[in-house]
Structure formats: C-alpha cells, structure tokens
Amino acid sequence: MLYYHPIYSELNLPEKHRFPINKYKKLYQRINASKFAKFIKEPEQKITADALQLCHDSNYVDAFLNGTLSEKAIKKMGFPWSEQLVQRTLISLGGGLAAAKYALEYGFGANLSGGYHHAHRDFGSGFCIFNDWAVVAATLIAHQQVERVLIFDCDVHQGDGTATIVADRDDIITCSIHCESNFPRVKPQSDLDFALPVNTQDAQYVATVREALQLAVRLYQPDIVLYNAGADVYQGDELGHFSVSKQGVRARDSIVFEYAHHLNIPLAFALGGGYQRDVDHLVDIHQQTFLALFDNPAIMI
C-alpha cells in the first residue's frame, strides 16, 4: 500500500524556494495513472504529539505545533512556519506510521513523502521537522509490535538527526550510506556508517548497499526495515555529488526489496531527498523505486 495525501504538495513556499514541493503530487499522478493506482490510499490518522515526544523534546514539539518557534529555529528548519506546515507534517508522519503497520502485516508499505532524517531531538534542520522513521520505530516498539527496528538510510546525505536521536537505544539500529563530502558538515556516528567519495558510480555504490544491508541484518536481526530511498544519489541531483545513474538507483532499490522479501522481513520505505529544478526529471528518479518494486516478478506475485 502506498500512502499519499494531497497536502504533501500543498505548502505555500516563497518564490524560488529550494525545496521541490510539487514532486509528491507529480509522482502520485504518475502512479495513479498506471495499473498500480489501486495501491494508493490516504493516511487515516495524523501522528500524535505523544508519539512525537517519544523522540523529540516536548518543548520543541509544543513550539512547532503552536507557532512559537524562534526565527532562528524556523530558518534552520528550512520552511516558513504556517498552520498548513503543521498539518502537512502531522499527516506525513501519520502516513509513515501507516506504511510501517501495513508492512508488518503484508510485507511492504510506502509513504509518498518522508525521509526526514535531519530532524534532531530539539530542532529541525534541512527541510526536516520531525524525524519520521525514528518516531515510527519508537512507536512500534512502545506498542510492542516489534522488538528491534533497522533504519536503513540511502539518502545521499548522512542521517545525522536519526543517529543522535536513537544513539542510546539498542532496539533502533541506524545504518547510513552517504557521500562523505556533503551536508551535514558534522556527521554523528550511526550504528553503521558507509561514507563514499564524491563521484561514486553505480558498481561501487550498489555493491556497498548490498554489503551494508546484509551486514546490518546479520548483526542486528531486525523485525522490520524502515528504508529511506533518497533519489539524491542520482548523478543529476543538484545537492548530491554522486555519479549514480538512473539504472543504478533502480538496481539499489531492487536489491533492498529483494533481500527483505527473501528473508521475509517487513519493509516500509519513504521517498527521501531529491533536488532538481526540473521536477519532472526528478520524479523520473523517484519513480525508479516504485518500478523496482512493482516490476519485480519475484515480489509482485
């Protein structure tokens, strides 16, 4: 099941704002026009403040929800504050939780948003307000639906917020595969970090993903994988620095999906980052993730 809500692309941003907010709507339209439209569903519930506070400071949660963040905090977050942003955020994290719960029952789930791995315990950063996969992982564990979660992060930027939020937990495992010379400048330690050089190409990248996933699963035996399928590893991404082709992105996702399917490990994925001013081309890259799932006969049977 793919969870999508129109509010994902309904955010009033300043002209020439760097975030490609329309990519969610355009990706939804492509999937909805295909034979896979039947898999799309709107999230039925927003994430709750109690769930957010499993991973985030209560004062920060209250300040964001009530519109009392400082100007400095808003600037670091990357979005102007609005009630629309609040609702979008709560619905998006609700979609992530719904995708994970669906995956636990049926094997795979997706949120056509998410991947907010730069959100820290008490501040937002890099277009990330609350850390969706950390919150989802903590919620599943608190409700005794799972005992251990692997957050497998293939966004080109290191999952710094995720690493710091769950640093003291042994039931939420973080694995980040990222560019060594890219945002964030300071990269806190994940449980497993695979830092690759600028201009990394398909062969090295795909091999690293395979080895990292196999190692993480073997070491930690997770009950579910929460996957950040960033499209910003693509060679044409304007905030990337890798040289991975479109075919390489799809190969990466096929490896992740097939491995989870082979071992019968539930997997939920979020879109993660992707930054191109040509939004239609950006959607082509994000679409590879869904093609890797839908067009895989080993999975879609």
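**Pockets and cavities at a glance**

The second largest pocket is lined by 13 nonpolar, three polar and no charged residues. Here Ala, Val, Leu, Ile, Met, Phe, Trp, Tyr, Cys and Pro count as nonpolar, Asp, Glu, Lys and Arg as charged, and the others, Gly among them, as polar. This is a predicted model, where local features need pLDDT of at least 70 and side-chain atom pairs pLDDT 80 or more, while totals for chains, interfaces and linings use all residues. Numbering runs from 1 along each chain as its sequence is written, and side-chain values use heavy atoms, without hydrogens and water.

**Pockets**
- On a 1 Å grid over the protein atoms alone, a pocket is an open set of points with protein on both sides within 12 Å along at least five of seven lines, a cavity is a set where a 1.4 Å probe fits but cannot get out, and lining residues have an atom within 4 Å of a point.
- The second largest pocket has a volume of about 280 Å³, a volume being the space filled by probe spheres set on the points, which are joined across faces, edges and corners.
- Among its 16 lining residues, Met-1, Phe-39, Tyr-106, Phe-108 and Met-300 are the closest to its centre.
- The largest pocket has a volume of about 350 Å³, and His-118, Gly-126, Phe-127, Phe-183 and Tyr-275 lie nearest its centre.
- Its lining divides into ten nonpolar, eleven polar and five charged residues.

**Cavities**
- The whole structure holds four cavities of 30 Å³ or more.
- The largest cavity has a volume of about 50 Å³, and its lining includes Phe-79, Arg-88 and Tyr-116.
- The second largest cavity has a volume of about 40 Å³.
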